[in-house]
Structure formats: structure tokens, C-alpha cells
Amino acid sequence: NPRRRIRLCTHKSVDDKLQEMFIIHTKDCYVRPHKHLRKTESISILEGEVNVVLFYDNGSIMKVFEMGDLTTGKLFYHRLN
């Protein structure tokens, strides 16, 4: 799609308390900063590498996670509570 990503939902309904999905990002895909209030999100890298940037509410950078698939030796799973 124009946003350069594919979403495969494994939950049955948008009303499900737990929503699980695979979101595939193509090379050079950009995900704008956003936050999920009162939700948990996990990130798993199956192939490739990515930098995950966490921000404070004022917009300054809190932390950068360098992530990659198992062959990279980098962090391949992270859970954001």
C-alpha cells in the first residue's frame, strides 16, 4: 500500500481485548512517532534491521533501540509496556 506496510491481523474483531497482528514494513518504510495509551506493544524483527526511537512527551529522544533479526546479533524482540 502507499504506506509501504502490510498488516496481517490474527485477532477476530477490533473489539477483542487482545489484538495481535503482524505488521510487515518494507525497506525504507517510515513510521511516524506515535503512542498507545494504556496498551502494550511488542516488536519482533524476523528479517532485516531497524532503529526504534522512543521519545519523551516534549519530543526529545529518550532511547534508541538498534534491532535486527537473529543473524545480526542485535536485539530481535522488545516489549513496550
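Which side chains meet in a salt bridge at 2.6 Å, N to O? They are the side chains of K74 and E49. The term salt bridge denotes a side-chain nitrogen of Lys or Arg within 4 Å of a carboxyl oxygen of Asp or Glu.

The model is predicted, so local features need pLDDT of at least 70 and side-chain atom pairs count only at pLDDT 80 or more, while totals for chains, interfaces and linings use all residues. Residues are numbered from 1 along each chain as its sequence is written, and side-chain values use heavy atoms, with hydrogens and water left out.

Side chains of opposite charge can pair when their charged atoms come close. Under the salt-bridge rule, the count is three.

The bridge between K74 and E49 has a N to O distance of 2.6 Å. This pair links distant parts of the chain, since K74 lies in the loop between β5 and β6 (77-80) and E49 in strand β4, 25 residues apart. Strands here are DSSP runs (E, at least two residues), numbered from the N terminus. K74 is partly exposed at 28% relative accessibility, and E49 is exposed at 53%; buried means under 20% relative accessible area, exposed over 50%, and partly exposed in between (1.4 Å probe, protein chains only).

K74 also meets E66 in a salt bridge, at 3.8 Å from N to O. Through shared partners, salt bridges join E49, E66 and K74 into one network.

Elsewhere, D57 forms a salt bridge with K35, with the closest N and O atoms 2.7 Å apart. D57 lies in the loop between β4 (49-55) and β5 (61-68), and K35 in the loop between β2 (21-25) and β3 (41-44), so the pair ties together parts 22 residues apart in sequence. D57 counts as exposed at 73% relative accessibility, and K35 counts as exposed at 56%.

Methods: Helices (H or I, at least four residues) and strands (E, at least two) are DSSP runs, numbered from the N terminus.
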